[in-house]
Amino acid sequence: MLSGNYSRKFSDKLTARTFLTFNDQTTIGRNSVGYGDNIMTGFRQWWPINVDVLELRDEFFRTNQNYTWNMNAPLDGDLSAAFWNNPYWDRYKNYSSDDKTRLIAGGELSYDVTDKFNILGRATVDYTNSKQEIRKAIGSHAEEFGLSQADETSGYWVFDDTIMRQTYDVIGRYNLSISDKMNALFIAGGQFMDQHQRSMENSTTGGLIIPDLYTIGNSRAYFPPIETNIRGQKAGVYAQASFDYNKLLYLEGTIRNDTSSSTSKSE
């Protein structure tokens, strides 16, 4: 993460400031949530007390297979998982990953019209790009997976998302001393925001052809991806009045009006 800001006072009345925050994050192995494919569900709800976790660990690292305590038909040679995967299989084979890059940058100008009246103008850009990948290795227990939400024993699921948001603000502040003990603050401003979001969700269907190759092209069947393109704008004006008596009693009132419009396209 990188963050910084810079300010300069051009005169007694005019001050400029710029700021920037950059964050680049990569995470591997977030735990699944919900019911299916969630390790914690097995731990808390379905595991018999005689399940030896260390034995499951040793068997996974010895064979690199999904051998678990709940097998479909072990006497017939079917050692596949009937209900829950070996937790080490889920952790080391069915791991997820996500990458996220975010940049926030902007600048503002502050001008003191008088010692009691200030006008502030600010522009901000917020850009985010993220990618999430979910892997399901061949040999896993069948669970709802991918865009088709069919029971799959393997697969690859990927989400790509890009958001660009631009925000512009103009704010006026006026301080008023009504008496030695009573003060007032009046704020009025306007804001305009423009946002553009593009995302794509894609997954394999019918399972993977080649083990451990996590690409959409390694799919046994085709299912169309979901593409989303959303453009939205929002404009608002607001005002606030605040009164205080001896810094003990306060009275405040706020009014705001917003209008918005958006266009979206999903395929």
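Does Ser 242, at 11% relative accessibility, fall on the buried or the exposed side, and what is the reason? In this predicted model, Ser 242 counts as buried because its relative accessibility is 11%, and the cut-off for that class is under 20%. The residue belongs to strand 13, which covers residues 226-245. Its side chain also takes part in a polar contact of 3.4 Å with the side chain of Glu 252.

**Nonpolar surface patch**

Leu 2, Leu 20, Phe 22, Leu 103, Val 125, Tyr 127 and Met 164 together make a nonpolar surface patch of about 530 Å². At least two residues of this patch come from strand 2 (14-28), and at least two from strand 6 (117-136). Val 125, one of the patch residues, is located in strand 6. With a relative accessibility of 35%, Val 125 counts as partly exposed, because that class lies between the 20% and 50% limits.

The two residues with an accessibility value are set out below.

| Residue | Relative accessibility | Class |
|---|---|---|
| Ser 242 | 11% | buried |
| Val 125 | 35% | partly exposed |

**Aromatic residues**

Across the whole structure, a search finds ten aromatic pairs. One aromatic cluster is formed by Phe 60, Phe 61, Tyr 88, Trp 89 and Tyr 92. An aromatic ring also meets a charge: the charged end of Arg 135 is placed over the ring of Tyr 214, at 6.0 Å from the ring centre.

Conventions
Residues are numbered from 1 along each chain as its sequence is written. This is a predicted model: local features need pLDDT of at least 70, side-chain atom pairs count only at pLDDT 80 or more; totals for chains, interfaces and linings use all residues. Side-chain values use heavy atoms; hydrogens and water are left out. Patches are made of residues with over 30% relative accessible area and no salt bridge: like charges are joined within 9 Å, nonpolar side chains (Val, Leu, Ile, Met, Phe, Trp, Tyr) within 5 Å. Accessible areas come from the Shrake-Rupley method with a 1.4 Å probe; for residues, only the protein chains shown count as cover. A salt bridge is a side-chain nitrogen of Lys or Arg within 4 Å of a carboxyl oxygen of Asp or Glu. Helices (H or I, at least four residues) and strands (E, at least two) are DSSP runs, numbered from the N terminus. Buried means under 20% relative accessible area, exposed over 50%, partly exposed in between (1.4 Å probe, protein chains only). Rings of Phe, Tyr and Trp (its six-membered ring) pair if their centres lie within 6.5 Å; planes under 30 degrees apart count as stacked, over 60 as edge-to-face and the rest as tilted. A charge sits over a ring if NZ of Lys or CZ of Arg is within 6 Å of the ring centre and within 35 degrees of the ring normal. A polar contact is a pair of N or O atoms within 3.5 Å; within protein, one must be able to donate a hydrogen and the other to accept it, and residues adjacent in sequence count only if both atoms are side-chain atoms.
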